[in-house]
Amino acid sequence: MSGDKLTAAELAASIKEGALQLTEHGENVSRLCTKAQSEFNIFINFNPNDITKESERLAGKVGSGAELPLAGVPFCLADNICTLELKTTCGSRMLASYRPLTEDGAVRRLKEKGALLAAKGNMDEFGIGAGGRNSFFGAIKNPCNPEHTGGSGAAAAVASGAVSFSLATDRCGELRQAAAYCGVLGLKPTYGRISRQGLIDSAPSMEQAGIIARQTKDLASALSIVCGADPQDPTSSSCGVPDFNALIEEKPRSVKIALPYLWDDLAALEGEVKDAIAALLCRLEGNYFSLETVPLEYFHHASTTAAMISAVEAFSNLSNYDGVRFGFRGESKHLHDMYRQTRTEGFSSNLKKFLTFGALISSGKYYHDCFLKAQKMRSLIKDELEKCLLQYDLLVVPTVPFKAPLLGSGISPLLPDFAAYYTAAASLAGLPALTFPLKDPAQKGGLPVAGLQLIGKAWDEKTLLQVSLLLEEELL
Amino acid sequence: MQEFETVIGLEVHVELLTRTKLFCGCSTAFGAAPNTQVCPVCLGLPGGMLPLLNKTAAEYTIKAALALNCTVTPNLTFDRKNYFYADLPKGFQISQFFYPMGTNGYLEIHHNGESKKIGIRQLHLEEDTGKLSHFGDIISSPYSRVDFNRAGVPLMEIVSEPDIRSAEEARLYLQKLRTILCYLGISDCKMEEGSMRCDANISLRPVGSSELGKKTELKNMNSFRSVFRGIEYEVERQRTILLSGDSIIPETRHWDEAKGITRAMRSKFVSADYRCFPDPNIPPFPVDTKWVESIQASIPELPDAKYYRFIEEYGLPPYDAEVLTGTKELADFYEEVLTCYREPKTVSNWIMSELMGHLNAAGIGITEAKIKAKDLGKLLQLVGKGEISGKMAKSVFEEMFATGEDPELIIKKQGLAQISDEDTLDGIINTVLAANPQSVQDYHSGKKKALGFLVGQIMKETKGQANPQLVNKMLEEKLKSS
């Protein structure tokens with residue numbers, strides 16, 4: 001499909017002008033999604049008819065002359081974000097046939113602007129990081145190499161070319177990691193930028209919806225629409241939302257970049273990733289950018305800290321899965337046996353380990369030594385990052401220390417979680433972060449080498465997008 | 001025999017009179033069909049809306065904290081108390097664990113003319129749970145039903161210090177607490193409907209000891225009377241055990257109203273670990289001074305202030321002041337009567353005997369009564385001026401209570417006005433004396449009883465309307481001169 005190369009705005013324009021018929025376009029999207037699904041298992045409850053129906057509905061809207069900046073732009077929605085018309089499973093047996101009563105605010109905004117919801121993205125059960133290998137609906141394959149994980153269906157769907165962008169959530173960095181595995185862009189905005197109403201989240205204090213796309217302009221288009229205050233979400237911010245589409249056209253001037261001292265001193269960091277990042281950093285110097293190494297003491301404790309806090313929040317947040325009112329129910333004669341059966345059979349063993357970990361470290365015995373210390377460390381990490389970003393525009397690190405892991409390799413949802421080593425700090429601090437894909441042109445059809453992660457000041461997604469566009473257009 | 005001191009602390013839950021639930025827009029009305037006042041928030045459905053704090057509930061709780069002399073928290077925060085039960089939709093209850101709304105307060109009870117302060121350790125806001133219903137008891141019931149209408153209704157918990165020393169003090173504390181909360185208009189505090197619930201922590205210790213003994217927690221007391229009876233029973237049970245040399249098992253006990261005993265429910269040794277932590281979905285909400293000041297300004301004169309003022313200003317005995325300030329409405333009624341008839345003790349007597357007697361007999365409160373304060377004042381004026389007798393006034397009052405009519409109208413209608421006209425009475429007295437020569441003779445021969453008989457005859461002749469003092473005076477004069 002031609003949509004693969006067009007930006008979302010260009011695609012919407014050609015649909016509005018009639019150069020591309022919506023029904024024909026819908027069939028095209030449907031065909032691409034079907035193919036991607038059969039090859040990479042990236043969707044849950046996929047039904048090509050849903051796309052046909054949706055494009056027919058949109059055709060009527062386009063005909064009515066409504067202002068639709070995303071007319072017909074296909075997108076994928078991670079399956080922990082609620083829609084009224086499709087099931088929302090969170091990749092879990094617990095919700096395998098669950099149909100929510102509410103619709104996510106961001107999804108509603110996207111639909112109003114004409115975006116075409118193609119399908120729900122496969123994901124790790126409840127979004128709890130296992131690199132796309134812990135879904136009740138099967139592992140997610142990487143479109144660049146199906147032997148390896150795609151991280152999430154949302155990222156793989158974008159990488160496969162089936163959709164223009166995806167809306168997914170980022171807890172300790174899952175969105176950014178999956179985008180890096182698949183060689184696409186991923187943006188987790190500032191905490192509070194996008195309403196959390198309608199998310200089935202597992203770590204409310206960190207989890208934030210974000211965008212995955214192939215082109216920076218598409219990130220900006222989608223972001224302009226989904227951001228903004230929501231009176232229904234007390235954690236959403238009333239901070240003004242700029243027109244990111246217009247802002248990214250401005251070239252950034254002399255961006256000051258900080259690089260953490262000993263950023264590459266990590267055993268889990270693959271040589272190839274390290275070299276690619278180092279090479280890029282060398283090229284950046286002098287070209288719009290100034291680069292300095294800064295000592296960060298607490299940054300390196302972020303993934304451990306985030307794992308602890310998110311485990312406690314998940315243990316509590318997922319307590320409503322008791323079989324009483326909705327979802328999977330394990331049969332038993334007595335209430336407590338029913339709880340046990342429901343949660344034993346409804347959750348995967350990986351998830352249960354994680355929830356047990358959360359229950360353990362928040363129990364009276366470990367509360368002070370584990371959970372409370374993690375909370376204090378979180379404040380230190382946040383303060384350190386904010387202080388650093390007073391002097392610099394951006395902090396750069398790799399997104400993930402390694403390339404997409406092989407499917408079938410061991411998963412450890414517990415500590416140490418090296419996949420989140422570089423991503424967790426921005427989650428804990430609520431700061432915006434963008435992953436930019438580094439591909440090795442010599443390696444045809446191979447896995448993307450790495451993602452370069454840019455961490456910005458709170459509410460400054462603009463700089464992240466401007467730098468991303470610059471890298472995309474001029475430096476690579 | 002060893003003497004023991006009783007140590008009691010009360011945990012009281014009251015439902016707040018807000019229109020909607022604590023974190024969603026569902027109605028809090030009592031008695032609706034099961035599961036009709038629910039939404040994704042209070043049902044804890046995945047992807048349900050986020051909790052949005054009901055400001056009125058927060059305001060009511062701050063009001064209570066101020067009225068109970070507590071220090072109010074500068075930041076309103078909520079925490080999750082995690083546990084599994086079928087009546088708890090989310091698997092956690094949103095409560096104020098770390099920073100309760102109010103701390104370090106007290107209330108005053110009055111007992112046998114003495115006052116005592118009972119400390120209030122803390123006061124906080126939380127969500128109520130749903131309601132389970134079983135067939136018979138929970139064990140033999142083949143299945144149970146759950147109604148979530150109550151889930152998420154704002155509940156205020158008030159925890160006292162262990163300052164209470166007897167069942168009677170516990171009852172007085174509870175009554176005073178109810179009086180204050182009703183004055184504030186933030187809860188209807190009906191124990192029978194469950195809008196006020198009370199658990200008691202009870203222990204005994206040797207007199208003179210400052211250490212706390214092993215305690216039991218007493219539940220399921222559904223009226224003021226059962227709080228009193230339950231505590232009395234439990235104190236005696238513990239005393240018997242301690243005197244026999246055994247020790248108290250710390251446990252939760254259930255008051256059985258029908259049998260009049262307490263029974264063990266579950267052991268405190270397996271007490272749950274609630275893993276409380278701040279709710280990440282609810283950002284802290286600042287309680288600024290202006291807000292607190294405006295709430296403070298909206299607090300009416302409270303029962304204790306009124307109580308002391310009634311004693312001071314009206315010279316009432318403490319007992320009268322206590323009874324009259326029992327509800328704000330009764331106190332207001334009393335003061336309104338006073339504006340028409342400024343005899344504080346007389347008005348108090350009328351209200352405490354006649355009015356309250358009638359209210360109790362009719363089983364209604366002062367707000368439902370038809371009789372108006374102004375009219376009672378008018379009635380007492382008429383008595384004061386001698387236009388009707390006290391006895392007549394009581395029958396007029398009865399009519400006023402039944403119909404709400406003006407006393408003058410009733411007096412006119414029933415022809416009850418007192419005859420104080422000396423000419424009229426003179427004629428009647430003469431007639432009666434002429435008709436009873438034997439009694440006149442008896443009087444003169446020293447039988448004083450005859451005078452009472454003659455008065456009775458005159459009253460009978462006038463259908464009780466003759467002014468008795470005047471009749472007495474005139475009759476004696478006439479008999480002496482004859």
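Which residue lies over the face of B:Tyr106? B:Lys117 does, at 4.4 Å from the ring centre.

## About the model

This is a predicted model, where local features need pLDDT of at least 70 and side-chain atom pairs count only at pLDDT 80 or more, while totals for chains, interfaces and linings use all residues. Residues are numbered from 1 along each chain as its sequence is written, chains are lettered from A in the order in which they are written, and side-chain values use heavy atoms, leaving out hydrogens and water.

## Charges over rings

A charge sits over a ring if NZ of Lys or CZ of Arg is within 6 Å of the ring centre and within 35 degrees of the ring normal.

## Aromatic pairs

Over all chains there are 25 aromatic pairs. With centres 6.4 Å apart and planes at 25 degrees, B:Phe397 and B:Phe401 are stacked; rings of Phe, Tyr and Trp (its six-membered ring) pair if their centres lie within 6.5 Å, and planes under 30 degrees apart count as stacked, over 60 as edge-to-face and the rest as tilted.

B:Phe397 counts as buried at 0% relative accessibility, and B:Phe401 counts as buried at 12% (buried means under 20% relative accessible area, with a 1.4 Å probe and protein chains only).

## Where the chains meet

The contact (heavy atoms within 4.5 Å) takes 30 residues from chain B and 40 residues from chain A. Between these chains the count is zero salt bridges, a salt bridge being a side-chain nitrogen of Lys or Arg within 4 Å of a carboxyl oxygen of Asp or Glu.

Note on methods: Buried means under 20% relative accessible area, exposed over 50%, partly exposed in between (1.4 Å probe, protein chains only).
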